[in-house]
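User: I am new to this structure. Please take one part of it and go through that part closely.

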Amino acid sequence: MKISQKGLYALQAMMMLARHYNQGAIRIRDVAYEEELPEKFLELILLELKNARIVESVRGAKGGYQLRRPPSEIYLSEIIRLIDGPLAPFGDAEQLRSLIDRDAEHRALYRVFLDVRDAAARILEHTSLADIVSGQRTEALKARKRRKKKGAESGVLPMVAHGNRGRDE
């Protein structure tokens with residue numbers, strides 16, 4: 001999956017809005033400055049997110065943009081699909097299933113593409129802005145890897161030779 005520059009800017013802006021959730025609206029100028037994004041382009045992106053009812057604008061001296069929902073209820077897949085379309089460069093799931101049904105010679109290849117698309121979609125559909133800004137997503141992945149590694153190690157019995165009961169004791 002390749003995210004466009006526009007998609008990346010949208011995600012960066014949304015992360016900043018998530019970090020400032022419940023602190024009031026943030027001016028476009030401040031988002032652009034803090035995230036080092038082009039202000040005019042950001043304005044168009046935020047307008048698109050507003051039309052999709054993901055963010056809302058607030059008028060007045062303390063005006064700007066803010067999230068319409070809590071960061072825990074906004075998933076990366078929603079933002080990416082809005083800005084960039086399907087989550088995989090191979091087309092959407094229905095297109096791939098159709099190719100699998102029609103093209104027997106290349107069926108195995110299309111199944112791999114579908115598996116990649118499904119895996120990417122699963123991760124993006126279960127990762128919220130709150131997960132990203134709090135670092136929970138990173139910690140969850142590290143914990144999963146540790147459990148996987150520990151599970152693999154537990155399947156191997158320690159070698160005992162000449163009365164040595166193992167390194168850990």
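Analyst: From the N terminus on, the elements of the protein chain run α-α-α-β-β-α-α-α-α-α, giving eight helices and two strands. The model is a predicted one. Of the 169 residues in the chain, 30% count as buried.

On the H1 side, the residues in the contact are Gln12, Ala13, Met16, Leu17 and Arg19. They meet Asp30, Val31, Glu34 and Glu35 of H2. By type, the residues of this contact divide into four nonpolar, one polar and four charged.

Some of the charged residues also pair up. The side chains of Glu35 and Arg19 meet in a salt bridge, with N to O at 2.5 Å. This pair links distant parts of the chain, since Glu35 in H2 and Arg19 in H1 are 16 residues apart. Glu35 is buried, at a relative accessible area of 15%, whereas Arg19 is partly exposed, at 37%. Glu34 belongs here too: Arg19, Glu34 and Glu35 are linked in a network of salt bridges. In the whole structure, a search finds nine salt bridges.

Terms used:
Residues are numbered from 1 along each chain as its sequence is written. This is a predicted model: local features need pLDDT of at least 70, side-chain atom pairs count only at pLDDT 80 or more; totals for chains, interfaces and linings use all residues. Side-chain values use heavy atoms; hydrogens and water are left out. Helices (H or I, at least four residues) and strands (E, at least two) are DSSP runs, numbered from the N terminus. Buried means under 20% relative accessible area, exposed over 50%, partly exposed in between (1.4 Å probe, protein chains only). Contact means heavy atoms within 4.5 Å. Ala, Val, Leu, Ile, Met, Phe, Trp, Tyr, Cys and Pro count as nonpolar, Asp, Glu, Lys and Arg as charged, and the others, Gly among them, as polar. A salt bridge is a side-chain nitrogen of Lys or Arg within 4 Å of a carboxyl oxygen of Asp or Glu.
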